[in-house]
Amino acid sequence: GEAAWIVRVGARPDIKLTRLVGRFQKAKRVRASQQLVKLNRHLVLTPALKLKDLLTPDGNVTDRMLCFAVAKAKWPDANDANLTKYADAVRKLLNLGGPGYAPFASNLPNYQQLIHQLAGMGMVPTFTAQLRGHTLAQALPLLKSWGVEGLDIAGIEPDELNAEQKIHQFIELARQHKLEFFGGSDYRGINTGWRRHAAWMDHPIIQTTICKCSQNVGFQGAVRLDNLS
């Protein structure tokens, strides 16, 4: 697809990082506003959704938030299972060439620049599940050459068909390419993420990565930056 995620695990407070995140936040708000204009018109939403109704207290917006808000507005009586399906259908409208597509701002750094800018912050550059299967396997040598050092299952939703099988495929790729492995940087809280403890959560490769991160003095969390390819 057009967009994918780069994660740096081990983020520390830093003025340069704060400014960089701010650039992405602003670009995401502009893009979401443009997407909403198109989706309101395409889906004939009345009343029309406004960006201010989607933003978090710190001014953030994600495609997931936008897709679920649009799905709820279009199908207000849908149960949770159907709402997830409708939100997935809305997400497809955001793809390149879709009726809700809007590009990111052209002044954002590309992947190589982004990884380079974050390289001095002592974190693990990690690629998420926006590429999968054979496509990801083919791309990994290039991603490693750019500085990617780990894989993260962010992007594999818990209710996806064969989700755990897909995760084990990621674990195997991480093993083959000697990459770190993270079990999901985008956990969204109880009843929205994994509802039970799965066997893959205790995999040795995850435990090794956790130990390495815990030994990194000052380790505090992760920062995810959505970006164009």
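1. Gly184 touches Asp152, Ile153 and Ala154, leaving aside residues up to four places away in sequence; contact here means heavy atoms within 4.5 Å. Gly184 and Ala154 are 30 residues apart in sequence, yet their C-alpha atoms are 4.7 Å apart in space. Gly184 sits in the loop between β4 and α7. With a relative accessible area of 30%, Gly184 is partly exposed. The classes are buried for under 20% relative accessible area, exposed for over 50%, and partly exposed in between, with a 1.4 Å probe and protein chains only.

2. The model is predicted, and local features need pLDDT of at least 70, side-chain atom pairs count only at pLDDT 80 or more, and totals for chains, interfaces and linings use all residues. Residues are numbered from 1 along each chain as its sequence is written, and side-chain values use heavy atoms, with hydrogens and water left out.

3. The secondary structure of the chain comes to seven helices and five strands. Helices (H or I, at least four residues) and strands (E, at least two) are DSSP runs, numbered from the N terminus. Read from the N terminus, the order is β-α-α-α-α-β-α-β-α-β-α-β. The chain has 229 residues, and 42% of them count as buried. Of the contacts between residues at least 6 apart in sequence, 77% join residues at least 24 apart.

4. His203 counts as partly exposed because its relative accessibility is 27%. His203 and Gly183 are 20 residues apart in sequence, and 9.8 Å separates their C-alpha atoms in space.

5. How far apart are the axes of helix α1 (residues 15–43) and helix α2 (residues 63–74), and at what angle do the two pack? The axes are 11 Å apart and the angle is about 25 degrees. The angle therefore makes α1 roughly parallel to α2. Angles under 35 degrees count as roughly parallel, over 145 as roughly antiparallel, 65 to 115 as roughly perpendicular and the rest as oblique. The axes are lines fitted to C-alpha atoms, for helices over the stretch in contact, and angles run from 0 to 180 degrees between N-to-C directions.

6. The crossing of α1 and α2 is right-handed. On the α1 side the contact is made by Arg31, Ala32, Gln35, Leu36, Leu39 and Leu43; on the α2 side it is made by Asp63, Leu66, Val70 and Lys74. Residues three or four places apart in an α-helix point the same way, because there are 3.6 residues a turn.

7. The buried residues of α2 are Leu66, Cys67, Phe68, Val70 and Ala71. Their cover includes α1 and α3 (80–93). The 29 residues of α1 should span 42 Å, and the end C-alpha atoms are 41 Å apart, which agrees.

8. Two backbone features in the loop between α1 and α2 deserve a look. Most residues other than glycine have a negative phi, and most peptide bonds are trans. Val44 lies in this loop and, although not glycine, has a positive phi near 55 degrees. At 61% relative accessibility, Val44 counts as exposed. Pro47 is also found in the loop between α1 and α2, and a cis peptide bond joins Thr46 and Pro47, with omega about -5 degrees.

9. Lys178 is another residue other than glycine with a positive phi, about 55 degrees. Lys178 is placed in the loop between α6 and β4, and is exposed, with a relative accessible area of 76%.

10. Where does α5 bend? The bend is at Leu140, by about 40 degrees, and Pro141 follows within four residues. The bend at a residue is the angle between axes fitted to the seven residues ending there and the seven starting there. The 14 residues of α5 (residues 133–146) should span 20 Å, and the end C-alpha atoms are 20 Å apart, which agrees. Leu136, Ala139, Leu140 and Leu143 are the buried residues of α5. Their cover includes β2 (124–127), β3 (150–152) and α6 (163–176). Just after α5, Gly147 takes a positive phi of about 120 degrees.

Key. Expected span 1.5 Å × (residues − 1). Left-handed = near helix turned anticlockwise from the far one by under 90°.
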